[in-house]
Amino acid sequence: MEGHDMLDGRDRHPRRTEDVLEIRELATRYALAVDDHDMETLAALYTPDAAFHGLSESLWGRDAIITYVRAALDGYDGVSVHTPHPGTVDFTDEDTAQGIVPCHVEFAQAGVQSILALRYHDRYMRRAGRWYFGERRLEVRYATPTATYGTVLTAGAAPDPPSPAQQDGRLRPSPSPTFD
């Protein structure tokens with residue numbers, strides 16, 4: 001494909017369509033596993049050497065990622081609801097792809113119900129005929145208590161954004177760089 005670094009994710013070949021669907025299903029399985037605290041299923045979505053760039057640190061290896069997610073969930077009051085939205089998938093070759101998955105998360109912490117808008121910048125790898133997360137990079141777009149949700153997108157009426165340490169007690173990264 002002259003002039004393009006990536007293979008078009010909209011390729012209509014049946015195999016490519018199956019790949020896109022399998023990759024998009026990873027985000028849904030991730031959300032369900034996190035909300036259900038199902039660490040076994042969550043681990044099965046990552047390659048053993050996967051990387052995760054989270055809210056305050058970067059992790060390498062499936063076990064480190066699961067430990068990080070478990071600790072984050074332990075800080076929630078009750079349930080969380082992760083809702084992934086349709087994202088992008090761009091193939092870099094036959095067995096690798098990258099994409100962006102927008103997502104909203106509802107959760108409560110320290111008695112405050114909040115909503116979080118984020119994007120996962122992902123790299124996907126096919127191993128033994130199956131797609132996995134090879135890397136996930138979290139980009140927080142906003143985090144706000146549900147009481148102020150009605151004003152979070154209105155620049156003139158929105159409160160000043162909290163400092164990273166004020167956003168539910170965890171550090172938030174600046175927007176993540178996109179993949180090269």
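Because the model is predicted, local features need a pLDDT of at least 70 and side-chain atom pairs count only at pLDDT 80 or more, while totals for chains, interfaces and linings use all residues. Residues are numbered from 1 along each chain as its sequence is written, and side-chain values use heavy atoms, with hydrogens and water left out.

The protein chain has three helices and seven strands, where helices (H or I, at least four residues) and strands (E, at least two) are DSSP runs numbered from the N terminus. Read from the N terminus, the order of elements is α-α-β-β-α-β-β-β-β-β. Of the 180 residues in the protein chain, 41% are buried. Buried here means under 20% relative accessible area, exposed means over 50%, and partly exposed is in between (1.4 Å probe, protein chains only).

Strands S4 (residues 88-93) and S5 (residues 96-109) run antiparallel and are joined by five bridges; strands count as paired if DSSP finds at least two bridges between them. The link from S4 to S5 is a hairpin of two residues. Asp93 has Thr96 in S5 as its bridge partner.

Salt bridges come next, each one being a side-chain nitrogen of Lys or Arg within 4 Å of a carboxyl oxygen of Asp or Glu. The structure holds 10 of these salt bridges. One of them pairs Arg16 with Asp19, with the closest N and O atoms 3.2 Å apart. Both residues sit in helix H1 (residues 14-35), three residues apart, which puts about one helical turn between them. Asp19 is buried at a relative accessible area of 1%, and Arg16 is buried too, at 6%.

Arg16 also meets the side chain of Glu94 in a salt bridge, again given as N to O, at 3.2 Å. Glu94 lies in the loop between S4 and S5 while Arg16 is in helix H1, so this pair ties together parts that are 78 residues apart in sequence. Glu94 is partly exposed, with 47% relative accessibility. These contacts belong to a network of salt bridges that links Arg16, Asp19, Glu94, Asp95 and Arg126.

Another salt bridge brings together the side chains of Arg123 and Glu135 (3.1 Å, N to O). This one links distant parts of the chain, with Arg123 in strand S6 (residues 112-127) and Glu135 in strand S7 (residues 130-145), 12 residues apart. Glu135 is buried, with a relative accessible area of 13%, whereas Arg123 is partly exposed at 32%.

Helix H3 (residues 62-74) has 13 residues and spans 18 Å from its first C-alpha to its last, close to the 18 Å expected at 1.5 Å a residue; the expected span is 1.5 Å times one less than the number of residues.

A cavity is a set of points, on a 1 Å grid over the protein atoms alone, where a 1.4 Å probe fits but cannot get out, and lining residues have an atom within 4 Å of a point. Grid points are joined across faces, edges and corners, and the volume is the space filled by probe spheres set on the points. The second largest cavity holds about 40 Å³. Its lining consists of Ala27, Tyr30, Ala31, His82, Pro84, Val101, Cys103, Tyr120 and Arg136. H1, strand S3 (81-84) and S5 are the elements that each give two or more residues to this lining, and H1 provides the largest share, three residues.

Ala110 has a positive phi of about 55 degrees although it is not a glycine. Ala110 lies in the loop between S5 and S6 and is exposed, with a relative accessible area of 71%. Ala128, in the loop between S6 and S7, has a positive phi near 50 degrees and is likewise not a glycine. Ala128 is exposed at 89% relative accessible area.

Note on methods. 1 Å grid on protein atoms, 1.4 Å probe; cavity = no way out; pocket = protein on both sides within 12 Å on 5 of 7 lines; lining within 4 Å.
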